[in-house]
Amino acid sequence: MASKAIKRRPCSSESDKTSEKRTETTVSDPVTEPLLGNGPHEEKNKRYEPATRSDFWDGTREECLRWAHLLSIFIAQSARKIVNALSEFGSLIARHFGCSSAPQSSQNGQTVPLNLSPLQVERLKLLRQRLDVPYDCSSVKHQDALKELWSLAYPNRQLPPLKSDLWKDMGWQNSDPLTDFRAGGFMSLENLIYFARNYPDSFHRLLHKAEGKRAEWEYPFAAGGVNISYMLVQMLDLQSGKISTKAGVHFVQLLEDDEAAFDNLFCVAFQVLDAQWLARRASYMEFNEVLKSTRIQLEKELTMGCISSVQDLPSFRMLKR
């Protein structure tokens with residue numbers, strides 16, 4: 001040990017070189033060198049073992065703590081990656097089994113839509129094309145569609161001219177239905193026809209205001225339907241290049257299995273509006289307020305999760321075929 005070299009005193013006259021070697025060995029030994037080191041001119045026969053061992057273990061402990069800190073960072077980062085991977089896997093499984101996990105990722109406060117399948121992209125494109133078609137009173141196709149709506153609404157009544165006060169019976173506000181289409185376009189007429197074809201019982205009950213205590217000044221059925229179509233387009237953000245509303249993001253997922261998802265949602269919306277109209281005991285001047293509350297209800301139902309089709313919406317139960 002180096003400490004023994006300090007105590008040893010040669011009795012005979014040894015060479016100076018041997019003495020110098022022992023002295024140099026004593027000073028440069030890293031075990032006996034204190035952390036904040038005493039110089040070579042200090043007393044050499046002083047023992048430093050206790051302080052040296054303590055300092056040694058202090059240095060070792062700091063090194064261990066540093067490595068432990070680095071290890072904890074690595075573990076935390078790995079855990080986050082695992083959680084993200086599991087979350088993505090869970091979303092994939094949820095979509096596969098038709099239980100959509102609510103997409104919450106956002107940029108600048110706007111919800112980012114999930115990746116769409118080619119089928120969803122194609123059906124969304126077709127739906128947007130329908131939005132761009134205005135009602136054209138000179139189009140034979142559009143005239144025939146309006147006549148079909150009359151026949152579905154009043155199968156036992158004679159078809160009136162395209163301009164007649166009889167159209168007011170259906171809820172058009174003027175003798176010429178053209179004036180009521182406005183922003184709803186031709187698609188709103190298609191929505192009404194779909195409602196009459198697929199849910200005739202509900203269609204006729206709402207058309208004839210057959211349920212509940214009605215106001216003296218009721219909302220006009222046909223014009224109300226046009227407003228519902230336009231409200232849904234805004235709610236689902238269908239006219240923008242990128243769908244950014246939560247309801248819209250959830251809705252486009254429904255297009256995978258239901259090409260007529262928008263038309264079915266229209267039928268549900270009409271039923272919800274009438275139910276809220278009765279619950280509020282509303283009158284004509286309150287139509288816009290009831291329409292707003294209808295939108296809120298539909299947004300809530302679309303984003304509640306585990307909705308793979310319009311038929312899964314709670315309000316769909318109100319519809320009757």
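1. A nonpolar core is here a set of buried Ala, Val, Leu, Ile, Met, Phe, Trp, Tyr and Cys residues joined through side-chain atoms within 4.5 Å, where buried means under 20% relative accessible area with a 1.4 Å probe and protein chains only. In the largest such core, which has 67 residues, Met170, Trp172, Leu232, Phe251 and Leu265 touch the most other members. At least two residues of this core come from each of the helices H4 (118-131), H5 (140-153), H7 (185-198), H8 (200-207), H9 (221-235), H10, H11 (261-280) and H12 (287-302), and H11 provides the largest share, 11 residues.

2. The model is predicted, with local features requiring pLDDT of at least 70 and side-chain atom pairs pLDDT 80 or more, whereas totals for chains, interfaces and linings use all residues. Numbering starts from 1 along each chain as its sequence is written, and side-chain values use heavy atoms, without hydrogens or water.

3. The chain has 12 helices and 2 strands, taken as DSSP runs (H or I, at least four residues, for helices; E, at least two, for strands) numbered from the N terminus. Along the sequence their pattern is α-α-α-β-β-α-α-α-α-α-α-α-α-α.

4. Of the chain's 321 residues, 38% count as buried. Among contacts (heavy atoms within 4.5 Å) with a separation of 6 or more, 65% are between residues 24 or more positions apart.

5. Helix H10 (residues 246-254) is largely enclosed by the rest of the structure, because 8 of its 9 residues are buried; Phe251 and His250 are among them.

6. Leu232, leaving aside neighbours within four places in sequence, is in contact with Phe262, Leu265, Phe266, Ala269 and Leu298.

Terms used. Buried means under 20% relative accessible area, exposed over 50%, partly exposed in between (1.4 Å probe, protein chains only).
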